[in-house]
Amino acid sequence: MKLTVVPERCSGCKLCELACSIKKFGVNNPKKSSVRVMVVYPAPIIRMPIFCHQCKDAKCAENCPVDCIHHENGIVRINTEECIGCEQCIVSCPFGAIFTHEDYEAPFKCDLCGGDPECAKVCPTKALIYVPKHLIGQAQRMSNVLKYAHMKQVEFFEKGEKKVLHYTEAEKKENNKEPK
Amino acid sequence: MKISGGYFWKILVVDLSTGKTEAREFSEEFALKYIGGRGFGAKILFDLLKHHDFQLDPLSPENVIVISPGPLAGTYMPASGKTSFVSLSPATGIYGDSNMGGSFGVELRQAGYDALAILGRAEELSYLWVDNDKVKIVRAPELKGKTVLETEGLIRQKTQDTDLKIIAIGPAGENMVAFACITGDWGRNAGRCGIGAVMGSKNLKAIAVRGTKDLPVADIKRLLAKSNEGFAELASHPMFSFWQDQGLMSVIDYANKTGIIPAYNFKDGRFDRAEKINGYVMEDHYKIGNTACFACPMCCGNICLVKEGEYSGTAVEGPEYETAAVFGSNLGVDNFAFILKANQLCDELGIDTISTGNLIGAVIEGYQEGILDLDDTDGMVLGWGDEKAVIALINKIAARKGLGEIIGGGSRNLVRHFPKLAPFISQVKGLEQSAYDARSAMTMALGYATSDIGAHHTRAWPIAFELEAGKNWPPEKKVDLVIHHQTIRPLFDMLGVCRLAWIELGFPEEFYEHAYQAVTGNAFTLKQLLESSNRVYDLTRLIVTRLGISRKDDYPPERCFTQPVLSGPHAGKKLDRKAYDDMLDIYYQKRGWSKDGKISQEREKEFLDEQQLL
């Protein structure tokens with residue numbers, strides 16, 4: 001299984017950060033989260049949750065001077081007892097996915113909550129997803145296709161009258177309800 | 001102590017005149033009485049006004065801006081990203097508040113403060129930099145005249161911190177436009193009551209905050225369990241995905257169908273080309289994404305981009321219903337791209353879209369009616385649907401040039417210059433009316449008229465309830481609905497959460513009782529929380545009556561009584577003055593206020609004898 005992100009879907013609500021801090025540290029503090037939503041605006045606005053990808057060739061482990069970062073069942077872990085707090089791992093991570101907080105000496109990072117990541121569970125737009133490895137990229141592919149369809153339309157004739165159908169409208173008819 | 005979470009027990013007080021900054025502690029008594037958010041703001045403003053004998057110029061250094069998120073802000077529950085801004089309003093001269101979504105308030109709380117109170121006036125244009133316990137007033141004359149986004153960018157550059165949460169005023173705030181707003185997170189505005197102008201009067205261009213502290217939660221397990229239930233409930237609501245698709249833009253169709261959309265400066269309640277400015281047009285041609293305030297699964301913020309044509313390249317966080325209605329139907333415009341342009345201009349210059357669209361509508365009608373001539377309009381011919389003129393006026397208002405100088409003073413100033421324009425301006429107490437025509441629903445008229453800040457729907461939005469079920473209700477029941485709204489809706493602003501989950505997706509009121517108890521550890525029930533809210537409503541009423549407001553000011557815009565709706569389901573309808581008068585009597589009576597709208601003497605004494613919060 002793999003934690004992955006579809007940035008186009010992210011709304012920037014930071015619920016993933018909150019859920020992570022509660023799960024990992026038992027406190028309500030998005031700054032103690034192992035996932036960080038980056039927001040860049042104005043257009044093209046980008047919202048992207050940053051988290052550890054559990055790299056096979058982990059730069060953080062490679063650059064750790066005391067060799068306290070290791071793979072464990074596919075998860076990259078920091079041994080906080082051996083950690084000397086030099087923060088080399090933070091700067092060597094190509095994603096910036098290792099975090100630090102003044103309350104703790106050692107940096108912290110995502111450990112996939114032991115195989116049931118809270119962030120993916122709480123994400124209201126399904127931007128963060130936890131999927132089997134063979135499905136990685138599928139969400140991106142589908143998102144790309146739908147975007148393409150959004151711009152496209154089909155012309156057809158009904159009883160001699162020319163009509164235009166947008167894919168998005170076809171989708172809409174199912175839940176075409178009036179708001180309250 | 002009854003309370004074991006939810007508060008840092010500290011309010012940051014900044015005096016820009018002396019440069020002194022101080023974190024002052026407050027006692028539990030106030031947290032129990034005023035909860036937080038607008039409650040703290042109202043209390044601090046009241047204390048200040050009492051100190052000045054209720055004689056205070058909103059734009060003088062003595063005025064205060066209280067930025068107060070509330071005890072639930074930033075905690076794990078749906079939509080906990082709200083912050084209240086309270087000040088003496090330059091638009092109305094009375095109590096003013098406005099609230100902002102996004103995440104600024106959460107960051108302020110994480111810096112360890114329950115609220116921020118700003119007093120005084122900086123010698124030079126400055127910004128306030130709060131980095132946890134470090135507080136600094138930084139001189140920044142280079143920010144003069146910069147837009148909100150430019151200001152944000154420059155501060156990030158200067159501080160070398162991209163994680164800072166920044167709110168700022170645009171040029172309009174510096175020029176003290178009476179409806180200047182404060183903007184954060186690209187398009188989240190504390191829009192109403194002109195609090196941006198108060199910031200401008202203090203020479204304060206922006207506030208930048210970084211906070212890293214844990215938000216105190218008394219029972220995090222209970223909060224987690226209850227909120228997870230809440231998130232699941234919201235996500236399973238049949239309207240949830242539609243809400244994510246359109247957000248508040250879905251209201252255009254609703255308001256047009258029910259005949260309450262403002263058209264041609266509130267003359268009509270129906271717009272014949274509404275289908276060109278509705279949520280579906282936005283979805284199909286302009287919307288490129290969603291945005292959410294802190295911890296909100298509903299993500300009702302629309303991000304729009306104009307891809308072709310005259311306004312090509314316009315990107316904006318918005319619009320929402322109010323903006324689309326006041327710049328669309330209200331000005332006779334059916335071009336959605338223009339609405340986006342106007343929205344973007346207002347956001348960057350820092351003016352409230354509701355007041356701007358409303359007043360431009362009044363000026364256009366004034367010109368059409370011959371009240372204003374070409375000399376008054378700087379030579380501009382003003383007509384319905386004239387996009388160029390509207391854009392010119394927005395720029396003039398923000399710069400306070402020509403006619404914009406007069407409009408920029410707010411509706412009271414506009415009437416001072418053009419007394420004959422008064423019947424064409426939809427306002428109460430000097431605050432321009434939100435985008436719901438009140439002629440079809442007495443409750444909405446009463447809600448606008450008795451709102452403590454003026455004609456805004458934030459305190460009461462009973463119109464849908466009356467139109468759906470309550471048309472034939474007896475006046476007593478209608479008054480009950482208005483008072484219920486005016487009690488529960490401000491409670492959201494006291495707690496620091498958004499009310500949209502409740503009002504739009506039927507999120508249960510009881511949730512907030514559980515949430516409050518879990519966060520604070522205090523056993524208050526919903527009923528007790530509502531009593532606190534009611535008490536704050538009495539306090540704001542005391543403030544406004546002490547500042548000269550009385551029964552005569554508790555009337556909806558004049559147009560509601562004199563000009564019937566032109567078309568739509570309510571064609572021919574206007575309000576009956578006698579019936580309204582009677583209803584106002586019932587309202588005062590039910591609130592325990594006098595016939596002239598004053599709170600009881602016992603309550604007044606209670607407030608006057610109470611200790612100061614700061």
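Me: How many residues of domain 1 of chain B are in contact with domain 2 of chain B?
Reply: This is a predicted model, where local features need pLDDT of at least 70, side-chain atom pairs count only at pLDDT 80 or more, and totals for chains, interfaces and linings use all residues. Residues are numbered from 1 along each chain as its sequence is written, while chains are lettered from A and ligands numbered from 1 in the order in which they are written. Being in contact is a matter of C-beta atoms, placed from the backbone, lying within 7 Å of each other. On that basis domain 2 of chain B brings 30 residues, and the number from domain 1 of chain B is 38.

Me: Which helix of chain B gives the largest share of that side of domain 1?
Reply: Helices here are DSSP runs of H or I with at least four residues, strands are E runs of at least two, and both are numbered from the N terminus. Helix 4 (148–159) and helix 5 (171–174) of chain B each supply at least two residues of the side of domain 1 that touches domain 2. The largest share is three residues, and it comes from helix 5 of chain B.

Me: How far apart are the C-alpha centres of those two domains of chain B?
Reply: The bounds come from an automatic or database domain assignment. In chain B they run 10–210 for domain 1, 245–432 for domain 2 and 442–609 for domain 3. The C-alpha centres of domain 1 and domain 2 of chain B are separated by 26 Å.

Me: Moving to chain A, what classes of residue does domain 1 turn toward domain 2?
Reply: Domain 1 of chain A is 1–49 + 114–133, and domain 2 is 52–109. Four residues of domain 1 of chain A touch five of domain 2. As for classes, Ala, Val, Leu, Ile, Met, Phe, Trp, Tyr, Cys and Pro count as nonpolar, Asp, Glu, Lys and Arg as charged, and the others, Gly among them, as polar. The domain 1 side then has no nonpolar, one polar and three charged.

Me: Which helix gives the largest share of the side of chain B that touches chain A?
Reply: Chain B puts 35 residues into this contact, and chain A puts in 28. Elements of chain B that give two or more include helix 8 (240–246), helix 9 (251–257) and strand 13 (287–291). The largest share is four residues, from helix 7 of chain B.

Me: Is strand 7 of chain B largely buried or exposed?
Reply: A residue is buried with 20 or more other C-beta atoms within 10 Å of its own, exposed with 12 or fewer, and partly exposed in between; the C-beta atoms are placed from the backbone. Strand 7 (residues 126–131) of chain B is largely enclosed by the rest of the structure, because five of its six residues are buried.

Me: Which residue is the bridge partner of L128(B)?
Reply: Strands pair if DSSP finds at least two bridges between them. Strand 7 of chain B has six bridges, in the antiparallel sense, with strand 8 (residues 134–139) of chain B. The two strands make a hairpin with two residues between them, and N132(B) in that turn has a positive phi of about 50°. Within strand 8 of chain B, the partner of L128(B) is I137(B).

Me: Which residue stands opposite V130(B)?
Reply: Strand 7 of chain B also runs parallel to strand 12 (residues 204–210) of chain B, joined by six bridges. In strand 12 of chain B, the residue facing V130(B) is V209(B).

Me: What order do the strands of the open sheet take in chain B?
Reply: Strand 9 (residues 165–168) of chain B pairs with strand 12 in the antiparallel sense over four bridges, and I167(B) stands opposite I207(B). The open sheet has six strands and mixed pairing, with the order 8-7-12-9-10-11.

Me: At what angle do the axes of helix 18 and helix 19 of chain B cross?
Reply: Axes are lines fitted to C-alpha atoms, for helices over the stretch in contact, and angles between N-to-C directions run from 0 to 180 degrees. The axes of helix 18 (residues 463–470) and helix 19 (residues 475–495) of chain B come within 11 Å and cross at roughly 150°.

Me: Is V164(A) buried or exposed?
Reply: V164(A) belongs to strand 8 (residues 161–166) of chain A. It has 9 other C-beta atoms within 10 Å, so V164(A) is exposed.

Key. Contact = placed C-beta atoms within 7 Å.
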